[in-house]
Amino acid sequence: MHSKNKLKKIVDNFLIKKEGKKVFKNITKKKLVSDGILDSLDIFTLATIIENKTKKKIKITDNKVFKKFEKYKELIKLV
Amino acid sequence: MKIHHIGIATSEKNIKNYFFRPNKRFTYIDKNQNNKLIIGYNKDNNLWIEFIIPLNKKSTVYNFLNKHGSSIHHIAYYVKDLKAVKKKYLNRAGYIFVDSFQINLPCFGGQMETMFFYNKNIFIEFLSKYKKE
């Protein structure tokens with residue numbers, strides 16, 4: 001599977017499990033962290049899932065990487 | 001690697017309900033992490049129990065406590081060489097580096113260096129006595 005599609009699937013599954021399908025309404029306009037959809041624990045959990053499934057490292061202590069969790073469009077291009 | 005302590009996120013009033021609540025307690029305020037720490041020693045197991053009580057919404061355990069309720073927050077291992085441990089896990093998939101900092105905890109032996117990773121929904125702490133370079 002293409003890595004972007006694979007990552008999108010991981011992110012989508014995580015968001016559905018957490019918020020339900022309603023989360024996708026205007027998802028590209030939402031600020032995932034500021035709007036309270038993702039908190040710090042969710043970011044750690046999601047990053048762990050992405051790392052385990054893609055075998056790619058995510059350095060969330062890097063501010064540029066961390067900011068990508070704010071926007072859905074950026075998040076699904078994270079690795 | 002020996003388990004040094006178990007960290008439990010809780011509210012202060014809940015401590016009395018824990019089976020392993022300590023009789024003798026050491027209490028510290030961690031202004032950097034915005035937590036109150038109540039630490040007790042379990043002699044039979046040579047193990048410390050660290051109760052972490054959020055002081056405010058900026059606390060490092062505030063979200064955790066809201067989400068999970070009072071529960072085990074982390075398992076801490078004492079290590080001799082913190083840098084070697086960091087090197088080992090920093091680039092390993094499934095280990096998310098969270099933070100590292102120094103903290104003065106006299107009951108643990110004074111100034112400590114500590115480092116947190118998140119792995120499989122559990123925080124792992126590695127700590128070591130602070131050494132001046």
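**Entry 1: Phe20 of chain B**

I began with B:Phe20, which I found in the loop between strand S1 (2–9) and S2 of chain B. I note at the outset that this is a predicted model. B:Phe20 comes out as partly exposed, with a relative accessible area of 32%. Leaving aside neighbours within four places in sequence, I list its contacts as B:Ile8, B:Ile49 and B:Phe51. I also looked up B:Phe117, which is 97 residues from B:Phe20 along the chain, and the C-alpha atoms of the two are separated by 25 Å.

**Entry 2: the sheet of chain B**

I next traced the open sheet of eight strands in chain B, whose order is S2-S3-S4-S1-S5-S8-S7-S6 with mixed pairing. Strand S2 (26–30) and strand S6 (96–105) each have a single partner strand and stand at the edges, so one side of each is left without a neighbour in the sheet. From one strand to the next, I record a twist that averages 25 degrees.

S6(B) and S7(B) run antiparallel and are joined by nine bridges, with B:Gln102 standing opposite B:Glu113 in S7(B). These two strands form a hairpin with four residues between them, and B:Gly109 in the turn has a positive phi of about 120 degrees. Strand S7 (residues 110–119) is also antiparallel to strand S8 (residues 122–129), here through eight bridges, and I noted B:Leu127 in S8(B) as the bridge partner of B:Thr114. The hairpin of S7(B) and S8(B) has two residues between the strands, and B:Lys120 takes a positive phi near 50 degrees there.

What lies over these strands? Helix H2 (residues 82–90) of chain B lies across S6, S7 and S8 of chain B, running at about 10 degrees to S7(B). Helix H2 (residues 40–54) of chain A packs on the sheet as well, touching S6, S7 and S8 of chain B, and its direction makes about 130 degrees with that of S6(B). I find S7(B) mostly covered, with eight of its ten residues buried.

**Entry 3: Glu50 of chain B**

I looked up B:Glu50, which sits in strand S4 (residues 47–54) of chain B.

**Entry 4: salt bridges**

My search of the whole structure found seven salt bridges over all chains. In one of them, A:Lys18 pairs with A:Asp42, the closest N and O atoms being 3.4 Å apart. A:Lys18 lies in helix H1 (residues 3–19) of chain A and A:Asp42 in helix H2 of chain A, so this pair ties together parts that are 24 residues apart in sequence. I have A:Lys18 as partly exposed at 32% relative accessible area, whereas A:Asp42 counts as buried at 5%. Both residues belong to a network of salt bridges that links A:Lys18, A:Glu19, A:Asp39, A:Asp42 and B:Lys67.

I also noted the salt bridge of A:Glu51 with A:Lys57, whose closest N and O atoms are 3.1 Å apart. A:Glu51 is buried, with a relative accessible area of 0%, while A:Lys57 is partly exposed at 25%. In chain B, the side chains of B:Glu12 and B:Lys36 meet in a salt bridge of 3.0 Å, N to O. This pair links distant parts of the chain, with B:Glu12 in the loop between S1 and S2 and B:Lys36 in strand S3 (residues 35–42), 24 residues apart.

Key. Residues are numbered from 1 along each chain as its sequence is written. Chains are lettered from A and ligands numbered from 1 in the order in which they are written. This is a predicted model: local features need pLDDT of at least 70, side-chain atom pairs count only at pLDDT 80 or more; totals for chains, interfaces and linings use all residues. Side-chain values use heavy atoms; hydrogens and water are left out. Two strands pair if DSSP finds at least two bridges between them. Axes are lines fitted to C-alpha atoms, for helices over the stretch in contact, and angles run from 0 to 180 degrees between N-to-C directions. Contact means heavy atoms within 4.5 Å. Buried means under 20% relative accessible area, exposed over 50%, partly exposed in between (1.4 Å probe, protein chains only). A salt bridge is a side-chain nitrogen of Lys or Arg within 4 Å of a carboxyl oxygen of Asp or Glu.
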